[in-house]
Amino acid sequence: MNWKTVLRLISVDVKSGRLVRGRKVRRYRERRFFQYLLYGGACALGVAVGLLVGIFYGGIPDLETKIILYDGAILLFLSLPTLVLIYSLIFTLMSQIQRGGMKSSIQPPYWMPITWEEHTLASTLANLLGFSLASIISIGSAIAVASVFLKIVPLAIFVIPSLLASAFLASTTTEIFRVLQIRLIGAVYKSSGKAAVWVRFIGSLIFFVAFYIVWFAFTSGASVAAIGTVVGAQNAVWFVPYVWLGMALAAFTEGLLAHTIIFSLASLLFILILFYVAVRLNGKFGLYEPPAITISRGAYVPKTGLLRKLGFSSLEAAVMKKDFRAFTRRRELMYIFIMPLVFMLMPLMQYLGALGQSPSTEASPFLFAWILLMPGALMAVMLGNMIVGQEGGSVWYLYSSPITANGLVKCKYTFIIIFSCIVTIACSIVGILVAHPSLNFAVASFVESLLLIFALGAVSLGAGIIGADFVEIPRPKMIRPLTALVNVIVCFVLALVILAPLIPYAVTTIGIPLPLPMVDLYVALPISVIIAIIITYIFYKKAIKDAKEFLAKAEV
Amino acid sequence: MASLSESAVKLKGVAKRYSDIVAVDYIDLDVKRGEIFGLLGPNGSGKSTTLKIILGLVKPDSGSVNVLGINVEEDPVAVKRQVGYVPESPRLYEFLTGIEYLDFVGDVYGMNAAEKKERINEYLEALELEGREGDMISGYSQGMKQKTILISGFIHKPKLLLLDEPLSSLDPRSARIIKDLLHELASQGVTTIMSTHVLEIAQAMCNHIAIMYEGRLLALGNMEELRQKARLPGSDLEDIFLKLTGTEDVKDVVEALLK
């Protein structure tokens, strides 16, 4: 293995971040200071946390409290390798998913004299760069500093390399997963024929929803509970190689030298085996191209379509049809359907007690309002932000086609409204079945969710046009981060403005006594409608103005 | 048929800069209807930018652009309706199938269903894409993608074709079909402005040729006029091009590389 080649490959991966950051690459000079700022900052944060913990620990006069804290710290140290493993696995998988749409970002330069070992190692290490590595540095430095005060330096010396090994283990697993899923996708395409595109859509939907639910559960309160149970769980599943690093640490703290050595060596061996598997899989399927998906066979028969009958021009209908296919066929766009689903399922699961917490029975009206208002509005905001930028490199066609600013906004806006309304209708059905709200509350929530969709859809479409980003490598950005952030804030404020007249009514329905002037629902709702119409009108007009500029400055 | 003396494209004092780079340096062009016009030049000489300016994709810093009697700046949409544009190595909507893409293009230009069906099927057959039209474009080879983009430039019967390296990646049969088609369309009054690096094709196909270098128009005319300008009687376009663009030191460069 040529280590210089590995380092060069990693540096290429790091440099691909230039495109993500949207900087001009002409006469580009990397500022090393900024490159390492993230890691330096993470280290500084870790040291600060370690110092704070140490000073706090040293300042406790009560011995009993000190012992409790000490035991807690040991427990945390022992669970860290497994927690870092899960955390890194989620992060590296997320990073691969985001890159999934771009073939070029994952294809190794196979024509160069690079071995599969070098490529696999570089890919595995590069996958860890960024927040994964920064968080390990942060945790590691916090442990190192705190251990001095807690007088457990030998354990810290053992924990820190274990964290790095855990992260590498996670990244290697992700590498294996990446290669296997490419091959698996190919097999699915081949076997499912014309249905391949829908198999892919539904399969991705199920996978991502499950993935994000685990992610949210892990990052929410469940993770705190996890720390306490990880050590116990490790002992129960000692035969799973992924927990052997944690087992080695546990054995070390108990003074079981033989167990420590056995689990450490077994972990090392497991990492080597996994890496070997990743190399072999890359060698076998690394250059595999999934077969083309055949969607239609037989004679071509053009259809007039419903949209034409509804009064859309053939150009507008064509763009909407094309966008529908983009959102159901492009994997990187599918999360638009996933987020509203997750936002609906998470509170539902919490309500039904499916996340290991006690089921809630009191907040039914709030749950209903959340399920109805959030997913549809969220979908409108996300779609509005992305719908222009998702054109990517193919945007040249939009520019060179005879589309007007009015036509562009009309078809994109209609698309946002249709999809968001479908989500809201589906959510209303689920909400009614689960929460059994009163008729007044149900109607008011439904109307409000439509108002939010219309208003926030117009606001976000304007932002999507102004901030459109067509860079696709290494992953599609679709909108500039700053524009997206500003848009979220504006949408949040405007949503509050639209909902404001109904807040006293909603709060009273939920059962919270609030000293607010009570406005009758039949008065509050029309006020809210008027506010939403004004916002929609202003921002729709603004979107047309933005689209005129966008088409006029079409420098492709 | 339109009169050949009528201008299809008229550029007057057109200039475009990108910060310190001069992409197009005050050029004048007058392309007649029914003409096949070649735009030649080394990489970065401003050919593609000129094509984009003609279509209204790039706004010039100065000068006026008139296409088929329409001022591009005033009504770019009207110009786009009458133009078929094939950019160099374009990104297609890869999640669509070939037939969906062409159907989409037909709808964008407002073609009726019967006309769309007839023309798409004709082109698919002619360029041997039949049988693969139901596959997603992401699974196409580069040549198949080029055929698809060429068809999309032709199907709506444009009056002006702006083609940037149209024959790259095409197999010999398809390239011949496109060349013959362009000649036939020219005789029907359709104007073609074509940018290419393949000088033999330009020499064989184009009525008039413009050679660009660093944004400037070095020479403009038919083959005979270009020979006179380069003072190379009887020579081919390659020699003329190399002499005019000051890159005739090819022999020295090759010798240096072989050292």
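## Chain B: sheet, helices and the side facing chain A

Helix α8 (residues 223–230) of chain B lies across β9 (208–213) and β10 of chain B, running at about 125 degrees to β10(B). Helices (H or I, at least four residues) and strands (E, at least two) are DSSP runs, numbered from the N terminus. Angles run from 0 to 180 degrees between N-to-C directions, with axes being lines fitted to C-alpha atoms, for helices over the stretch in contact. This is a predicted model: local features need pLDDT of at least 70, side-chain atom pairs count only at pLDDT 80 or more, and totals for chains, interfaces and linings use all residues. Residues are numbered from 1 along each chain as its sequence is written, while chains are lettered from A and ligands numbered from 1 in the order in which they are written.

**The sheet**
- Chain B has an open sheet of 6 strands with mixed pairing, in the order β6-β7-β8-β3-β9-β10; two strands pair if DSSP finds at least two bridges between them.
- At the edges sit β6 (83–86) and β10 (216–221) of chain B, each pairing on one side only.
- Neighbouring strands are turned by 15 degrees against each other on average, direction ignored.
- Strands β7 (160–164) and β8 (191–195) of chain B run parallel, joined by 5 bridges, and B:Leu163 stands opposite B:Met194 in β8(B).
- Helix α5 (142–154) of chain B packs on the sheet, touching β6 and β7 of chain B, with its direction at about 165 degrees to that of β6(B).

**Meeting chain A**
- 33 residues of chain B are in contact with 32 residues of chain A (C-beta atoms, placed from the backbone, within 7 Å).
- α3(B) gives the most to the side of chain B that touches chain A, with 6 residues.

Key
Contact = placed C-beta atoms within 7 Å.
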